[in-house]
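I set out below my notebook entries on a structure that is new to me. Each entry records what I looked up.

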Amino acid sequence: MTTHEQGCILACIDGSELGNSVVEHAIWLAQTSQLPIKFLHTIEHSHHSENAHHEGTITPNMKEHLLDELSDEERLESKKLIADGKAILANAKQKAEQAGLSNIIAKQRHGSLSETLVDLKDEISLVVLGAKGEDHDGNKQGLGSQLEEAIRAIHSPIFIVKDAFGQPKKMMLAYNGSPTSQQALNQIKQGQLGDLDLELHIVSVHKEQAQAQTLIDEANTFLANTELRLVTRAIEGETVEELTQYQHHNQIDITTMGAFSHGKVHGFFFGSFTTEMLLECSTHFLLIRE
Amino acid sequence: MLLSAKQDWIGNIRGDILAGIVVALALVPEAIAFSIIAGVDPKVGLYASFAIAVMIAVVGGRAGMISAATAATALLMVTLVKDHGLQYLLAATVLAGALQIVAGYLNLHKFMSFISKSVMTGFLNALAILIFMAQLPELTNVTWHMYALTGLGLGIIYLFPYMPKIGKILPSPLVNIIVVTLVVYFMDIDVRTIGDMGELPDTLPIFLWPDVPLNWATLSIILPYSVSIAIVGLLESLMTANVIDELTDTTSDKKRECKGQGIANIGSGLIGGMAGCAMIGQSIINVKSGGRGRLSTMVAGLFLLVLVVFLSDILSIVPMAALVAVMIMVSIGTFDWSSIKSLKTNPSSASAVMVATVIVVVWTHNLAFGVFTGILIGSLFMAQRLSQFMYIESDYDEATDIRTYNVIGQVFFNSSDKFIGFFDFKEAVDKIVIDVHRAHFWDITAVSALDKVVIKLRREGADVSIIGLNEASETLLDKFAVHDKPEEIEKIMGGH
């Protein structure tokens with residue numbers, strides 16, 4: 001899975017329910033791609049003081065007193081978060097070692113997930129993320145609040161973990177002819193997505209059957225003479241609905257597609273196809289960024 | 001952009017709403033007091049505070065910072081209002097906003113780095129003194145009732161927070177206003193009230209284009225005021241943004257803040273409000289009350305408007321004594337008391353900069369002049385210090401009759417006299433070598449000092465040769481940028 005020469009598989013973990021699954025998926029991806037694996041835990045301050053004072057009096061040296069108070073409060077919070085993170089990372093590292101991996105790095109950084117991903121972008125080949133973090137545990141539906149920002153922050157492929165780990169067998173590529181989906185196709189053909197040993201389903205959905213078929217023919221021609229185990233399918237209908245049904249009926253494990261090729265403003269007004277798919281489909285996702 | 005903004009808005013809803021309400025309660029008396037300082041009706045400051053707070057919540061660059069009508073800008077308007085009236089103030093406010101937007105596009109926020117800690121302390125101390133002085137007219141030629149009531153108010157403000165339980169819930173400045181008002185109302189004491197100071201808002205603000213002739217005469221009247229307001233407004237806003245950055249350990253977009261202040265001031269001027277800027281005290285109160293997001297600023301502005309429009313009748317009977325007590329509290333809180341203690345321990349140059357800033361501000365009533373004075377004096381001290389980083393070694397070789405001068409360090413306008421002084425022009429030698437390869441010639445004063453030395457030595461009959469001039473004058477070129485080249489900085493620090 002090399003898009004960069006010296007990149008690594010970056011597994012972003014926290015104490016959430018999906019944390020273990022992220023670790024297991026990252027280990028599986030590291031095994032198939034032969035890339036080094038790096039576990040990342042980010043320490044993000046809430047920046048919300050627990051002790052608000054509402055007396056509203058301007059007092060001498062108020063700034064200095066408040067600064068002392070807030071920094072004391074955050075110091076304790078940081079220390080706890082760092083200790084928790086260290087335990088999570090140690091656990092992940094141990095699992096990776098047990099799985100026989102040798103090139104393992106564990107890293108802790110301050111800042112939000114997206115900030116950190118931007119800082120580390122040069123050393124990343126693939127990011128593995130849980131669909132939602134520890135703030136959203138127990139919330140069956142829904143995506144984490146940081147997910148979209150994190151995906152938009154980087155340009156390497158991103159693996160989104162939505163559920164517990166099970167050996168993946170089938171991957172579906174949602175192909176609509178867009179530049180990112182062509183890129184996905186290309187990366188598969190070049191073997192850039194590694195030796196995943198999966199059955200690949202290429203599915204095109206369009207309002208008109210003929211159009212969908214054209215897209216599939218395009219993909220078939222492109223992938224001719226490869227040794228992939230291919231299943232292709234052209235479907236007429238509404239994209240998200242048909243893709244969701246297809247993955248359901250065919251026990252697809254991973255959905256691959258281009259992600260967030262439109263800007264945020266477009267997404268704000270028209271809704272984002274990526275977000276809708278992430279919400280509706282129960283598979284894991286391999287998102288390809290422009 | 002939208003996503004991070006979303007976090008700024010809804011990331012801390014409960015904390016922001018509570019803090020916004022606390023701030024709004026504190027803003028009302030301040031906005032009225034600042035209107036009185038500027039010499040306009042209380043409604044001008046109240047509308048301004050509403051407009052600026054609401055708009056800066058959306059367009060500002062620092063989430064959680066409170067902007068409204070302020071003392072710093074009000075002090076600049078006094079003579080404009082006295083000589084030309086409210087409409088010219090509104091026009092000056094709009095123009096000041098436009099200038100701030102231009103300043104934002106020109107990246108002028110970067111000049112903030114010239115403002116040293118001493119200048120900033122001087123700014124705050126001067127502001128505190130001016131706010132206090134602005135209360136004196138209320139405290140002169142009045143009956144003893146006024147002093148008693150003001151004293152009562154101050155007592156409540158500083159002692160109420162020590163009350164068990166309720167002391168930590170109710171804002172003590174508000175308790176002061178309620179108690180002093182009740183005392184005056186029920187004891188029927190004849191003192192001035194806010195209602196005596198001018199019109200209070202009883203309706204929502206409406207859009208109004210300032211009623212001034214659009215010509216050069218108007219521009220020449222308002223431009224000096226607008227420039228001062230724009231500068232002081234940005235200074236206090238950027239300073240406050242730094243304070244909030246530090247308190248919350250987060251960053252802000254200073255360029256956006258400059259443009260945002262401009263937009264907010266234009267908006268304020270167009271609904272009949274005066275110019276304002278960020279408020280250090282209120283912004284700290286906001287953070288202290290748990291406010292972090294843009295929502296807190298928005299709530300402060302909206303709640304302030306609701307308060308004044310619905311409570312204008314009650315507000316009008318609030319005695320000025322209660323207001324004066326609040327303003328004395330603001331003054332005491334704004335003053336950096338530790339700076340008096342550190343006058344003894346700080347280097348005398350730092351103290352001089354701070355004191356000079358205060359004196360110039362109190363003298364001119366213009367914070368911008370004080371800041372410029374502080375920057376100027378601070379820079380002179382810095383130049384004085386840098387000029388110590390230069391010396392010349394001299395060596396005489398008897399066998400060849402050659403005198404060698406080895407120049408090391410920084411030669412610029414302030415050290416060039418010292419540079420010339422190192423040479424012994426009375427010495428009769430055949431040949432003189434000036435080795436400047438370990439020196440830096442920062443400006444043309446340095447170069448002409450070298451010329452002067454060479455000519456003088458030649459006149460005495462010596463053959464003069466200079467070594468390493470190219471390296472020495474590299475610094476002269478403005479393009480010589482060392483900021484991202486460690487090896488270049490190393491050269492300057494340690495010689496070539």
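Why does I156(B) count as buried? I found that I156(B) counts as buried because it has 22 C-beta neighbours inside 10 Å. The term buried requires 20 or more other C-beta atoms within 10 Å of a residue's own, exposed means 12 or fewer, and partly exposed lies in between, with C-beta atoms placed from the backbone.

I noted the basis of the entries next. The model is predicted, and local features need pLDDT of at least 70, side-chain atom pairs count only at pLDDT 80 or more, and totals for chains, interfaces and linings use all residues. Residues are numbered from 1 along each chain as its sequence is written, while chains are lettered from A and ligands numbered from 1 in the order in which they are written.

**Entry: surroundings of I156(B).** I placed I156(B) in helix α7 of chain B, residues 144–159. Helices (H or I, at least four residues) and strands (E, at least two) are DSSP runs, numbered from the N terminus. Leaving aside neighbours within four places in sequence, I156(B) is in contact with S172(B), V175(B), N176(B) and V179(B); contact means that C-beta atoms, placed from the backbone, lie within 7 Å. N176(B) is 20 residues from I156(B) along the chain, and their C-alpha atoms are separated by 5.6 Å.

**Entry: chain B as a whole.** I read 20 helices and six strands in chain B. Its C-alpha trace spans about 105 × 50 × 50 Å along the principal axes. Of the 496 residues in chain B, 50% are buried.

**Entry: a helix pair in chain B.** I looked up α3(B), residues 42–59, and α10(B), residues 254–270, which pack at about 145 degrees with axes 8 Å apart. Axes are lines fitted to C-alpha atoms, for helices over the stretch in contact, and angles run from 0 to 180 degrees between N-to-C directions. Among the residues that meet are A48(B) and I52(B) in α3(B), and G260(B) and A264(B) in α10(B). By class, this contact has eight nonpolar, five polar and no charged residues. Ala, Val, Leu, Ile, Met, Phe, Trp, Tyr, Cys and Pro count as nonpolar, Asp, Glu, Lys and Arg as charged, and the others, Gly among them, as polar.

**Entry: where the chains meet.** I recorded 38 residues from chain B and 25 residues from chain A in the contact. On the chain B side, α2(B) gives the largest share, six residues. That side has 23 nonpolar, ten polar and five charged residues.

**Entry: the sheet of chain A.** I traced ten strands in an open sheet of mixed pairing, ordered β3-β2-β1-β4-β5-β10-β9-β6-β7-β8. Strands pair if DSSP finds at least two bridges between them. β3(A) and β8(A) stand at the edges with a single partner strand each, so one side of each has no neighbour in the sheet. β4(A), residues 124–130, and β5(A) pair in the parallel sense over four bridges, and F159(A) in β5(A) is the bridge partner of V128(A).

**Entry: domains of chain A.** I noted domain 1 (8–46 + 80–161) and domain 2 (170–288), with bounds from an automatic or database domain assignment. Their contact takes twelve residues from domain 1 and 13 residues from domain 2. On the domain 1 side, β5(A) supplies the largest share, four residues.

Note on methods:
Two residues are in contact if their C-beta atoms, placed from the backbone, lie within 7 Å.
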